[in-house]
Amino acid sequence: MNISVRQPRRLESYVCGGWVAGSKEGNVLLDASTGAPVAFIDSTGIDFTDVLTYGREKGGAALRRLSFHERALMLKALGLALMEKKDKFYALSTATGATKADSWIDIEGGIGTLLSYASKGRRELPNSRVLLDGDVEGLSKDNSFSAQHILTPLLGVAIHINAYNFPCWGMLEKLAPTILAGVPAIIKPASQTAYLTELMVRAIVETGIFPDGSLQLICGSTGDLLDHVDSQDIVTFTGSAATGQRLKTGKAIVANSVRFTMEADSLNAAVLGLDAAPGTEEFELFVKEVAREMTVKAGQKCTAIRRVIAPRSYTDALVAGLRDRLTKTSVGNPIDEGVRMGPLASLDQRDEVRARIRDLMTDAEIVSGDPENPLVVSGDATDGAFLNPVLLYCDKPAAAGTVHDVEAFGPVSTVMPYDTADEAVDLVRRGKGSLVSSVFTNDADFVQEMVLRLAPYHGRVMIGNRVSAKSSTGHGSPLPGLVHGGPGRAGGGEELGGMRGVKHYMQRTAVQGAPSMLTAVTGKWFPGAAANNDGPHPFRKSLAELKVGDQLITASRAVGLDDIEHFANFTGDTFYAHMDEEAAKANPFFDGRVAHGYLIVSFAAGLFVDPAPGPVLANYGVDNLRFLKPVNPGDALKVQLTCKEINPRASAEHGEVRWDCLVTNQNAEPVAQYDVLTMVAKTWPSA
Ligand code: NDP
């Protein structure tokens, strides 16, 4: 497909349930390699208060009616549907300057993030509409007043203002946790590459998977949208620090304490360890990683390595190794399969990066590459936004300013020498907070010192060495399960991080009251709440019949010395505290021989289990097991088993049931407490 003959289109916004074009022709968007027009963008005429109202009222209400699992299943269906259409996205992605490998990160990386949230959401969140945060906090001795933190979705919209470098991933990585939380989104892609986001949103809308109003798209200016946000809305921003700070201090955002998550400039560092001399595996890995980070997406990655910090005596070899790789990187139009690095997103961006390189040159010298004269294997060297990789060297980084302050958002990095670990730490910290740093070393002492001292300045730290090399996801890849964001200059925001990212779109509330009231609010049974001891054994009840609070109180069972000895010999656990009276007495915790903790758990199961085939399909684990008081020969055990949480699966004929299991002795003193986890059928014929 020859993209230079593609007919430019007028992009449309998807608002209030329909596609609308701006009333003006708008700005032209050009192919990054050829300068040919790809699209026009304009949002004039859109009423942004209507957009907000539509999202809040229509989308929010519909999403909040669904459970976490139902929302997760939507994300899964959407991910699979988009994967089917990926070829369309790849074809258009070349216009942004992305090579196939770059597009993979953007398109399949984004879809993969949806799928990851879909599966983590079903594994880690309950199939309900309220999320509990942490354990119950007991506030009274008699269990009559307790507290539970809960999380509920914000009632507004999430406005996602995205950067131009990842038109698909940038949208999807924010959309997945937002939808999972039950909050509708308004996507505002950066104009320069909005045509690819628009294409993907068309594909999303065509699937009909999301309820009306859950997703709106603004192609072009957001007009007065941000003037009308309120405390239930949330704004996330990825882009330049200058724009981010301006938007963050907007009148409505400040006045209404609107949550504002910002991800801005980041002068990410990579540190080569003192042990990683030329010739070691770590040195080779480091060279490869720095060159890769400089050239992937032509260095237009918020996580790219901008500062390369290496022991002074290794820097000559390092510069030579990098120069060798960088000068061999073929730069050109990404539709050409032999091209390894595409152009920057636009001529404006290239001008911007050239200007920032000039800034860096006040402290550093270029040691590889020529920013002013692009060498390309294809594409238009004049109208395309090409820039070969540029490596700089700063000999006195401790005394320098620009190399720690100026982000050249392109294939540009600066090598800086250090002599001691202290110096390396100081240099990294001069970046004033970053999304990520990496440390390449095989020395456990060095890595401990570096990582613990660097962590407060970073959202992520990657350790590279020979052991992890094969499976490492690399310095620059944000992953759905890991936190993405950083303090200080990086914007102070946090995204992703698995379910942490979902909670950013929810309000945490401490709810205090009598346990039965907390059960009514949360659907979870709390100690002290009403329980139901009547009727059949709770293991005879299917999910259709079982209720939170259904409880079994067992008969009691004595524990004899013969039981302890039998268990010890049978299992091989002949630890002295169970076998040797004298030795056990000498132990500060015991007053003679005690029963094994696992014997208590086993006897408890023997007491509470209902043996016949029934709706309880399996016991898949226990959580939070604690032995609270020793059990001596002659003690008698009794169990109180209470249905604590019921979690039917949206896409299966069973669900998980969590039982509160309290084991007491003959004096009603708790000796063990834990949660028993079971799979229970939704229906059971004979139940
Ligand atoms: P901007 O900060 O100008 O734009 C980022 C986003 O904000 C875009 O979607 C932009 O839309 C939007 N925006 C700009 N002004 C407003 C406004 N008044 N109201 C609402 N939205 C607004 O960054 P650029 O994309 O131009 O990139 C410039 C620099 O930012 C890069 O050179 C790089 O240094 C840095 N950057 C950092 C990134 C990171 O992840 N850390 C990612 C990308 C860029 P529109 O495009 O329509 O103006």
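Student: What's the strand order in the open sheet of 7 strands?
Tutor: The order is β15-β16-β17-β14-β13-β18-β19, and the pairing is mixed. Keep in mind as we go that this is a predicted model.

Student: Okay. Which strands stand at the edges there?
Tutor: Those are β15 (365–368) and β19 (458–464). Each has a single partner strand, so one side of each has no neighbour in the sheet. From one strand to the next, the twist averages 25 degrees.

Student: And what packs on that sheet?
Tutor: Helix α9, residues 281–295, does.

Student: In which sense do β13 and β18 pair?
Tutor: In the parallel sense, over 4 bridges, with β13 covering residues 269–272 and β18 covering 434–440. To find one of those spots, look at Ala 270, whose bridge partner in β18 is Ser 438.

Student: What about β16, how does it pair with β15?
Tutor: β15 and β16 pair in the antiparallel sense over 3 bridges. Ile 366 has Leu 392 as its bridge partner in β16. With β17, strand β16 pairs in the parallel sense, over 4 bridges, and there Tyr 393 has Val 415 as its partner in β17.

Student: Are the faces of β16 covered or open?
Tutor: Both are covered. Val 390 and Leu 392 are on one side, Leu 391 and Tyr 393 are on the other, and all of them are buried.

Student: New topic. Where does helix α1 bend?
Tutor: At Gly 55, by about 25 degrees.

Student: What should α1 span, and what are its ends actually doing?
Tutor: Helix α1 has 17 residues, 48–64, and at 1.5 Å a residue these should span 24 Å. Its end C-alpha atoms are 23 Å apart, which agrees.

Student: Which residues of α1 are buried?
Tutor: Phe 48, Val 51, Leu 52, Tyr 54, Gly 55, Arg 56, Gly 59, Gly 60, Ala 62 and Leu 63.

Student: What covers them?
Tutor: The cover includes the helices α2 (68–84) and α5 (169–181), along with the strands β2 (12–15), β8 (158–161), β9 (185–188) and β10 (215–217).

Student: How many residues are in the largest nonpolar core?
Tutor: It has 58 residues. The ones with the most contacts inside it are Leu 75, Leu 82, Leu 172, Tyr 195, Met 200 and Phe 210. Take Met 200: leaving aside neighbours within four places in sequence, Met 200 is in contact with Leu 82, Phe 89, Ile 107, Ile 111, Cys 168, Met 171 and Leu 172. There's also a second, separate core of 33 residues, including Ala 298, Val 331, Phe 386 and Ala 424.

Student: Why would side chains like that sit together?
Tutor: In soluble globular proteins, nonpolar side chains tend to be buried together.

Student: What about Ala 32, is it buried or exposed?
Tutor: Ala 32 is buried, with a relative accessible area of 2%. It lies in the loop between β4 (27–30) and β5 (37–41). Ala 32 and Gly 384 are 352 residues apart in sequence, yet their C-alpha atoms are 5.5 Å apart in space. Not counting residues up to four places away, Ala 32 touches several others, including Ala 95, Pro 343 and Asp 383.

Student: What sits in the loop between β6 and β7?
Tutor: Asn 143 does. Its phi is near 60 degrees, a positive value in a residue other than glycine. Asn 143 is partly exposed, with a relative accessible area of 31%.

Student: Last one: how many helices and strands are in the chain?
Tutor: There are 20 helices and 28 strands. Of the 687 residues in the chain, 54% are buried.

Notes: Residues numbered from 1 in each chain as written. Predicted model: local features only at pLDDT ≥ 70, side-chain atom pairs only at ≥ 80, totals over all residues. Heavy atoms only, no water. Helix = DSSP H or I, 4+ residues; strand = E, 2+ residues; numbered from the N terminus. Expected span 1.5 Å × (residues − 1). Bend = angle between axes of the 7 residues up to and from the residue. Buried < 20%, exposed > 50% of the residue type's maximum accessible area, 1.4 Å probe, protein only. Contact = heavy atoms within 4.5 Å. Pairing = 2+ DSSP bridges. Axes fitted to C-alpha atoms, helices over the stretch in contact; angles between N-to-C directions. Core = buried A, V, L, I, M, F, W, Y, C linked by side-chain atoms within 4.5 Å.
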